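Here's a quick walk through how two chains meet and how they are built. Have a look at the sequence and model first, then read on.

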Amino acid sequence: MPVLIKSLNKEFTAFLSGEIDHHSAPRIREKIDSHLNREKPERLILDFSGVSFMDSSGVGLVMGRYKNALQLNCSTCVCGLRERDLRIMKMSGLEKLVEFR
Amino acid sequence: MKKITNSFKMALPSKSINESFSRVVCAAFVSLADPTVEEISDIKTAVSEAVTNCIVHAYEEKNGIIYISADLFDDNTVRIKIRDKGVGIPDIPKALTPLFTTAGDDRSGLGFTVMESFTDKLTVKSVPEKGTTVTLVKKLHRK
Ligand SMILES: Nc1ncnc2c1ncn2[C@@H]1O[C@H](COP(=O)(O)OP(=O)(O)O)[C@@H](O)[C@H]1O
Ligand SMILES: [Mg+2]
């Protein structure tokens, strides 16, 4: 399972794990999006602690979820990124839109 | 003149499952030069970007062959070539611009930017309708 989901008081955490690339991203995306649309949370937390590899597909994944969440008035936060993955995320300027912690 | 000390070639179908396969193969090859863990990760990330581009852009998620070749040199640099016979890139400087993408849906437009930042040299050669060759060069420092 590439993503585990925990929902608590309008806060929805997706625990990503393994490798995020163009091959694995669609399943992760679908799982998060269907949950977003169903539960309408106020805050989406993407937890990358379990991620062992990502390329720019990880950036696309966060960008896309941020946009969808925004449509539902839901804020997005990303946590648990390794140093190098944070570096890749920051190339996109996403830190202006999404909270990284 | 620097000399090639080792090399490999492979050709594989443009299936997304081969993104992880090709980055692991390149990481294993580079490991022979005793690089740092960080350098192996850099190679994996850069190769993953180039191979993904063949699958997504060059062959537009249809069948095609991706050609990967790599050489290690006696000065501990590695050169990896990723080649496709896909649609080609009409405007290379534009394609290299950060955040530029021709595919919507969750592409970030950062692939080339990532390849540039995780290697020492990126070269892109392309002929529209004929294909594209991406060359990555990186100096490895023995751990
Ligand atoms: N092998 C390729 N064949 C054809 N077009 C390519 C290839 N690689 C990259 N491109 C073009 O360059 C653009 C930028 O690539 P990249 O920086 O990896 O971003 P992304 O893959 O997210 O679009 C792509 O959107 C595509 O138009
Ligand atoms: Mg790309």
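B:Glu38 makes a salt bridge with A:Arg84, with 3.0 Å between the closest N and O atoms. A salt bridge here is a side-chain nitrogen of Lys or Arg within 4 Å of a carboxyl oxygen of Asp or Glu. Between chain B and chain A the count is 6 salt bridges.

Before going further, some housekeeping: this is a predicted model, where local features need pLDDT of at least 70 and side-chain atom pairs count only at pLDDT 80 or more, while totals for chains, interfaces and linings use all residues. Residues are numbered from 1 along each chain as its sequence is written, chains are lettered from A and ligands numbered from 1 in the order in which they are written, and side-chain values use heavy atoms, leaving out hydrogens and water.

Back to the interface, in numbers:

| Item, chain B and chain A | Value |
|---|---|
| Residues from chain B in the contact (heavy atoms within 4.5 Å) | 27 residues |
| Residues from chain A in the contact | 21 residues |
| Polar contacts, both residues at pLDDT 80 or more | 17 residue pairs |

A polar contact is a pair of N or O atoms within 3.5 Å; within protein, one must be able to donate a hydrogen and the other to accept it, and residues adjacent in sequence count only if both atoms are side-chain atoms.

Which helix gives the most to the side of chain B that touches chain A? That's α2(B), with 10 residues. Helices (H or I, at least four residues) and strands (E, at least two) are DSSP runs, numbered from the N terminus.

Together the two chains bury about 2000 Å², 49% of it on carbon and sulfur atoms. Buried area is the accessible area (1.4 Å probe) that two parts lose on being put together, summed over both. B:Arg23, B:Asp106 and B:Phe118 supply 27% of what chain B buries against chain A, more than any other three residues.

As for the fold, chain B has 4 helices and 5 strands, running β-α-α-β-β-α-α-β-β along the sequence. Its C-alpha atoms fill a box of roughly 40 × 30 × 30 Å along the principal axes.

Over in chain A, 5 strands form an open, mixed sheet in the order β1-β2-β3-β4-β5. Two strands count as paired if DSSP finds at least two bridges between them. The edge strands, β1 (3-8) and β5 (99-100) of chain A, each pair on one side only. β5(A) runs parallel to β4 (residues 75-79) of chain A over 2 bridges, and A:Phe100 is the bridge partner of A:Val78.
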